[in-house]
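Dear colleague,

I am handing over the structure below, and my notes on what was found in it follow directly after. Please read them alongside the coordinates.

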Amino acid sequence: MKMKLSKQDLWICIYLYFVFQTFFQSISTGLIHTMFKYSDDVLVLSLFLLLMIKAARNKVKLSRDEKQILIMYGIFESLGILFGLLSDHQRAIYVFLDGFTCAKFLILFFSAQILSSGRLSERWMLKYNPLCKIVAVLLFFLLVHELFFCPFFEKAEYRYFTHSLKFFFTHPEGLARASAAFIYPLAYNMRFHKKNMKYILMLCIVMLFTFRSKSIAAMFVILAIYFYKKVLNGKHISVLFVGIAAMALFIGYDQIKYYYGHALIGRTKLLTDSIYLANKMFPFGSGFGSFGSNVALDHHSSLYEAMGYFTAENPWAVKEYLNDAFWPIIFAQVGWIGSIFFIITIGWFLKVGVDYYKKDFYVAWVFISVIMYDLVSTLASSAFFHPISLSSYLLLGLIISSVSSDKNKKEEKNHEGRIYIS
C-alpha cells in the first residue's frame, strides 16, 4: 500500500517541522545538529525562490494591504542592508544574512499564501483537527503527570508556586510556542467544530504552566479575543486592544521592571545603547548584522567589539542576553526612520486581521493572536525574527489562501448566475 502526500499535506509537514525544529536541533549532535540548525534557512530560501519564479511569470496577485506591507517592509530591509554596507561594522555576506533573517517571517507568509493559492478550500484544515486534539490531550496529561507525579522530564527554574515546565523542549518558551501552534488550527476550525474550545483550553493551561510572562499574556490574548466577540458580542475592536494592552502590561510588569530596570542587565544595556546609536547616527543606523542580532554576536560585529560587548569583565556582557532582544535590533540597525517603516509594516499587518474581525471572526482570531504573541514577545526575545515564531506566519498565509480561494469561487459562481449557499 502506497502512502501519498498531497500538496496540502506537504504544507502541514513543513508547518509541523517549524514547530519542532528547535527540539530536533536540541537532541542532535555534529553534522545532524548543523543540518537542523540551518534547515529553516534552507526551507525559507527554497520557498522564496519558488515565489520569485511564480512572480516572474506574472502569476502573483496581491491585495492593496499586502502591497503596502511589501513596500513598507521593502524600505525597512533596504535601509538595513544599505546602512550595513556603508558602516562596515560587519562583512557584506553577514549583512545580507541578517537581512534575510529579519525577512523570513514575511517570506513564509507570502510564500504560503501565493504558492498555495487556488489549491486550498475553506475546510482543508479539518483534516488535521483530530491530530491537534490528540496533541492537546497528550500535552495536558503530561502536564498533570509532571505536576503531581514523578516527572519524566527535567524542569526549568522555580517560579511562583512550582517549577516552570518545558517537557522535552530545551526552554519553556518552546513548549508555549508549540502549544500555541496547535491552538491556531483548532481556533480556525471552530467555525465547524465548536467543541474545539475544550482542547484549546487544555493547551492554554499548558502555556500557563510554562510561567513565561509573554506566554501567559499571549494565552490571555487568545482567550480574550474569543470571549470579547462570542460572549460579550463586542463590536468595537479598539476596546479589545486597550484591554489586551492593559492586561499584557499587568502580567508582564515585574519582568519588564527586571529586564529593563537594572543597568547591569544585558537587555537594559542593549536597549539604552540602541537608543544612543539611533540618536548618534541619525538619520542612519548601524546596519544589519551589527547590533542586537544573532549575527552580530556569532560573527563578532566590530561595533560590539568597539563598545566592549565581548569583554568578559563587563557585568552585562552575558552571551545569553546579547542577542536575545528585539527593539534594540530595530532601533540601532535601521535607525529611527527604519524603525518607523517597521512599525508601520506590523501595524498594517495587524490591520489585515482587524479587517477580518467583522467578516470572518475565526480568521481574525488566529491572525490577531499570532501578531499579538510576537508583539508581547518583543520585550524579552527576538520575537518576529526568531525561528520559533516562523510556523505561525506560514499558517497565516495558508489560512488567507484558503479563505481567498473560497471567496473567489463564490464570486465566480455568482457571476455565472448560480446560487451559492455557504
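Is Asp355 buried, partly exposed or exposed? Asp355 is partly exposed, because its relative accessible area is 34%, where buried means under 20% relative accessible area, exposed over 50%, and partly exposed in between, with a 1.4 Å probe and protein chains only.

Before the rest, two notes on provenance. This is a predicted model, in which local features need pLDDT of at least 70 and side-chain atom pairs count only at pLDDT 80 or more, while totals for chains, interfaces and linings use all residues. Residues are numbered from 1 along each chain as its sequence is written, and side-chain values use heavy atoms, with hydrogens and water left out.

The side chain of Asp355 meets that of Lys351 in a salt bridge (2.9 Å, N to O), a term that requires a side-chain nitrogen of Lys or Arg within 4 Å of a carboxyl oxygen of Asp or Glu. Both residues lie in helix H13, 4 residues apart, or about one turn of the helix; helices here are DSSP runs (H or I, at least four residues), numbered from the N terminus. Lys351 likewise counts as partly exposed, at 33% relative accessibility.

Helix H13 itself (residues 327-359) deserves a look: it has 33 residues, yet its end C-alpha atoms are only 33 Å apart, short of the 48 Å that a straight helix would reach at 1.5 Å a residue, the expected span being 1.5 Å times one less than the number of residues. H13 bends by about 120° at Gly335, the bend being the angle between axes fitted to the seven residues ending there and the seven starting there. Gly335 is also one of the residues touched by Ala278, with contact meaning heavy atoms within 4.5 Å. Ala278 lies in helix H10 (residues 266-280) and counts as buried at 0% relative accessibility.

The structure holds 11 salt bridges in total. In one of them, the side chains of Asp41 and Lys104 meet at 2.9 Å, N to O; Asp41 lies in helix H2 (residues 30-56) and Lys104 in helix H4 (residues 92-115), so the pair ties together parts that are 63 residues apart in sequence.

Finally, the structure holds 0 disulfides, a disulfide being a pair of cysteine sulfur atoms within 2.5 Å. For Cys13, the nearest cysteine sulfur is that of Cys132, 13 Å away.

Definitions and conventions. Helices (H or I, at least four residues) and strands (E, at least two) are DSSP runs, numbered from the N terminus. Lists of a residue's contacts leave out its neighbours within four places in sequence.
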